[in-house]
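Morning, everyone. I have one structure to walk through today. Let me put it on the screen.

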Amino acid sequence: MTFAIVAFLIGGLTINASAQVKAAKQDNKSTKQAKTEQKVESKAVTGKEVNYDQVIKDYEKNVDSFIKAYEKFLKDGSDENKKVFESYRDAALKLEGQLDKAKDKLNRTQVDNFKKIKARFAKAMAQKG
């Protein structure tokens, strides 16, 4: 009887460990995808000159990715999706800060695009699940 209980406990621990390994691999995959998207932002700065059209494009990509990931998180509430949308949010906020500081260097079209994207981002962040 004791042997059966010990065997049952060991088997349960093995299954639990296997599930944790699978979850960690899936989480790692999602994190890598989010980091790949964030690397796009570094293309906008070349030397000392900043390509603000590219910064705005990168900002929009991160905002769009954030919105998709956040909506997915609101549907299922998984920790994996939370980490993904948080990484896009952080990247978008970083770019938003860069663009806010450079508003005087942007032309009218760039400012208008930035304002539209910023409004979409704010609206998405205001959603509650």
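Start with helix α4. Q110, V111, F114, I117, F121 and A124 are buried there. Those residues cover an arc of only 150° around the axis, so they sit on the same side of α4. Turn to the other side of α4, and R108, T109, K116, K123 and A126 are exposed. What do the buried residues of α4 pack against? They pack against α2, residues 52–76, and α3.

Keep in mind that this is a predicted model.

Now the geometry of α4. The helix runs over residues 108–126, which is 19 residues. At 1.5 Å a residue, α4 should span 27 Å. The C-alpha atoms at its ends are 27 Å apart, so the two values agree. Look at the start of α4 as well. A side-chain oxygen of N107 comes within 3.1 Å of the backbone nitrogen of T109.

Let me step back to the whole protein. There are four helices and two strands. Along the sequence, the pattern reads α-β-β-α-α-α. The protein has 129 residues, and 29% of them count as buried. Take the contacts with a separation of 6 or more: 70% of these come from residues 24 or more positions apart.

Next, the aromatics. How many aromatic pairs does a search of the whole structure find? It finds eight. One of the pairs is Y59 with F114. Their centres are 5.5 Å apart, with 55° between the planes, and the pair is tilted. Y59 belongs to helix α2 and F114 to helix α4, so this pair ties together parts that are 55 residues apart in sequence. Are these two buried or exposed? Y59 is buried, and F114 is too.

Compare Y70 and F73. Their ring centres are 6.4 Å apart and their planes are at 20°, so this pair is stacked. Both residues lie in helix α2, three residues apart, about one turn of the helix. The general rule applies here. An α-helix has 3.6 residues a turn, so residues three or four places apart point the same way. Y70 and F73 are both buried.

These two pairs belong to a wider group. Y59, F66, Y70, F73, F85, F114 and F121 form one aromatic cluster. F114 and F121 are also among the buried residues of α4.

Last stop, helix α3, which covers residues 79–101. Two positions here. N81 is in α3. Its relative accessibility is 8%, and the cut-off for buried is under 20%, so N81 counts as buried. What does N81 touch, leaving out residues up to four places away in sequence? It touches A69, K72, F73 and D76. With D76 there is a polar contact: the two side chains are joined at 2.8 Å. F73, you will recall, is the residue stacked with Y70.

Now K83, also found in α3.

To close, go back to α4 on the screen. Its buried residues pack against α2 and α3, and its F114 pairs with Y59. Happy to take questions.

Terms used: Residues are numbered from 1 along each chain as its sequence is written. This is a predicted model: local features need pLDDT of at least 70, side-chain atom pairs count only at pLDDT 80 or more; totals for chains, interfaces and linings use all residues. Side-chain values use heavy atoms; hydrogens and water are left out. Buried means under 20% relative accessible area, exposed over 50%, partly exposed in between (1.4 Å probe, protein chains only). A polar contact is a pair of N or O atoms within 3.5 Å; within protein, one must be able to donate a hydrogen and the other to accept it, and residues adjacent in sequence count only if both atoms are side-chain atoms. Contact means heavy atoms within 4.5 Å. The expected span of a helix is 1.5 Å times one less than its number of residues. The arc is that of the directions from the helix axis to the C-beta atoms. Rings of Phe, Tyr and Trp (its six-membered ring) pair if their centres lie within 6.5 Å; planes under 30 degrees apart count as stacked, over 60 as edge-to-face and the rest as tilted.
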